[in-house]
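Reader: I would like to go through this model term by term. Please set each value against its cut-off.

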Amino acid sequence: MLDFNIRGETEVTPAIREYVEKKVQKLERYFTEGANATANVNLKVYNDRQTKVEITIPMKNLTLRAEERHEDMYAAIDLIVDKLERQIRKYKTKVNRKFREKEGVAAFLQSVGKEKNNNEEETVNEDFEFQVVRTKQFDLKPMDQEEAILQMNMLGHNFFIFTDSESEDTNIVYKRKDGKYGLIETN
């Protein structure tokens, strides 16, 4: 069940509030029963008559976030709901694939680990992962690297801080200018 926190730099009319709630509530069909979340909606209007709509929906294992600019606020709301729906579908697909492949991936990684003398090991392993090309250590939430990168991309951020589910260390993944990913490990 979604609750709404709608605010704006301009007056949020009952018509806009009703439109936002009607459109965003369509996303509830993707949530499990009993899932409660608050949709934080921020509406802005700029001097050039552009409107900006931001929606953030923090949930237990996922934070959905999108923003959209458009000359028409209603069009921006439609576009942003489509964007959030794509994020949810993408996330569900990746999570489902991950659980289906988890056992096969573990066996694959074990077999690759046994072939230490084979030069192809590095190439296969690099293609399989998100190509972490740089690692830093810093002294400084639970999920694995893949989930953290997925979450970072869904939020549209360049970095994401998380606790590694295996080591329980706080780590940071970040997107590099060359499009690859980096990982910062903490002690």
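Reader: Leaving aside neighbours within four places in sequence, which residues is Gly8 in contact with?

Author: Gly8 is in contact with Asn42 and Leu43. Contact means heavy atoms within 4.5 Å. This is a predicted model, where local features need pLDDT of at least 70, side-chain atom pairs count only at pLDDT 80 or more, and totals for chains, interfaces and linings use all residues. Numbering starts from 1 along each chain as its sequence is written, and side-chain values use heavy atoms, with hydrogens and water left out.

Reader: Why is Gly8 called partly exposed?

Author: Its relative accessibility is 34%. Buried means under 20% relative accessible area, exposed over 50%, and partly exposed in between (1.4 Å probe, protein chains only). So Gly8 counts as partly exposed. Gly8 is found in strand β1. Strands are DSSP runs of E, at least two residues, and helices are runs of H or I, at least four, numbered from the N terminus.

Reader: What makes Arg65 partly exposed?

Author: Arg65 has 22% relative accessibility, so it counts as partly exposed. Its place is in strand β4. Beyond four places in sequence, its contacts include Glu54, Ile55, Met154 and Leu155. Arg65 and Glu54 are 7.5 Å apart, C-alpha to C-alpha, and 11 residues apart in sequence.

Reader: Why is Glu168 called exposed?

Author: The relative accessible area of Glu168 is 64%, so the term is exposed. Glu168 is found in the loop between β7 (159-164) and β8 (170-175).

Reader: What is the phi of Glu168?

Author: Phi of Glu168 is near 65°, a positive value in a residue other than glycine. Most residues other than glycine have a negative phi.

Reader: How many residues are in the largest nonpolar core, and which touch the most other members?

Author: The core has 30 residues; Leu2, Val24, Leu43, Val53, Ile55, Ile57 and Leu64 touch the most other members. A nonpolar core is a set of buried Ala, Val, Leu, Ile, Met, Phe, Trp, Tyr and Cys residues joined through side-chain atoms within 4.5 Å. Elements that each supply at least two residues include β1 (2-8), α1 (14-24), β3 (51-58) and α4. The largest share, eight residues, comes from α2. Apart from this core lies another, of 10 residues, among them Met143, Ile149, Phe160 and Leu183.

Reader: Which residues in α4 are buried?

Author: In helix α4 (residues 145-155), the buried residues are Ala148, Ile149, Leu150, Gln151, Met152, Met154 and Leu155. Just after α4, Gly156 takes a positive phi of about 75°.

Reader: Which residues line the largest cavity?

Author: The lining is Asn61, Tyr91, Met143, Glu147 and Gln151. A cavity is a set of points on a 1 Å grid over the protein atoms alone, where a 1.4 Å probe fits but cannot get out; lining residues have an atom within 4 Å of a point.

Terms used
1 Å grid on protein atoms, 1.4 Å probe; cavity = no way out; pocket = protein on both sides within 12 Å on 5 of 7 lines; lining within 4 Å.
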